Amino acid sequence: MDAAGARNLPDQLDAPPTDTGERHRVPALGPDATLDLPGLLADHLRTTGDETVRQALASGQAIRRGHGYSVRITAPLALHRAALEQSAAHANAGPTERKAHRVYTARVTAVQAT
């Protein structure tokens, strides 16, 4: 026990240790926004998106919409913008994929404006 320093415990154990060094702060990502991501974009991002976007998709709730579906994601607005950039219409995107991208772009810009 002496080698591990167990006898040199502070008098007050329930207080968190004080950090004398410089603290590393995580930049604020902004407030959370709940947006519906069209299913076509969600399918595309599950294969091509980065890890944070895929985790947000996995934690989202699938909502049935007519013939398709949407994924309701509650995440910081920065993540929605990142998903929007990663789902930018690629060269062989069909009309439905382009429309899904326009719809999601309108939703993100509407939240940004408020």
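Predicted model: local features only at pLDDT ≥ 70, side-chain atom pairs only at ≥ 80, totals over all residues.

Student: In what order do they run?
Tutor: Starting at the N terminus, the order is β-α-α-β-β-α-α.

Student: Which residues in the largest nonpolar core touch the most other members?
Tutor: That core has 19 residues, and the ones touching the most other members are Leu-37, Leu-45, Leu-57, Ile-73, Tyr-104 and Val-108.

Student: Which elements supply at least two residues each?
Tutor: They are strand 1 (32–38), helix 1 (39–48), helix 2, strand 3 (68–76), helix 3 and helix 4 (95–113). The largest share comes from helix 3, with 4 residues.

Student: Back to Tyr-104: what does it touch?
Tutor: Leaving aside residues up to four places away in sequence, Tyr-104 touches Leu-35, Asp-36, Leu-37, Pro-38, Leu-41, His-80, Ala-83 and Leu-84.

Student: Now the helices. At what angle do the axes of helix 2 and helix 3 cross?
Tutor: The axes of helix 2 (residues 51–59) and helix 3 (residues 77–86) cross at roughly 110° and come within 10 Å. Angles of 65 to 115 degrees count as roughly perpendicular, and helix 2 and helix 3 are therefore roughly perpendicular to each other.

Student: Which residues make the contact?
Tutor: Helix 2 contributes Thr-52, Val-53 and Ala-56, while helix 3 contributes Leu-79, Ala-83 and Gln-86. By class, this contact of helix 2 with helix 3 has 4 nonpolar residues, 2 polar residues and no charged residues.

Student: Is Ala-82 buried, partly exposed or exposed?
Tutor: Ala-82 lies in helix 3. Its relative accessible area is 24%. Buried means under 20% and exposed means over 50%, so Ala-82 is partly exposed.

Student: How far is its C-alpha atom from that of Gly-49?
Tutor: The C-alpha atoms of Ala-82 and Gly-49 are separated by 9.1 Å, and the two residues are 33 residues apart along the chain.

Student: What share of the chain's contacts with a separation of 6 or more comes from residues 24 or more positions apart?
Tutor: Such residues account for 69% of those contacts.

Methods
Residues numbered from 1 in each chain as written. Heavy atoms only, no water. Axes fitted to C-alpha atoms, helices over the stretch in contact; angles between N-to-C directions. Parallel < 35°, antiparallel > 145°, perpendicular 65-115°, else oblique. Contact = heavy atoms within 4.5 Å. Nonpolar A, V, L, I, M, F, W, Y, C, P; charged D, E, K, R; others polar. Core = buried A, V, L, I, M, F, W, Y, C linked by side-chain atoms within 4.5 Å. Buried < 20%, exposed > 50% of the residue type's maximum accessible area, 1.4 Å probe, protein only.
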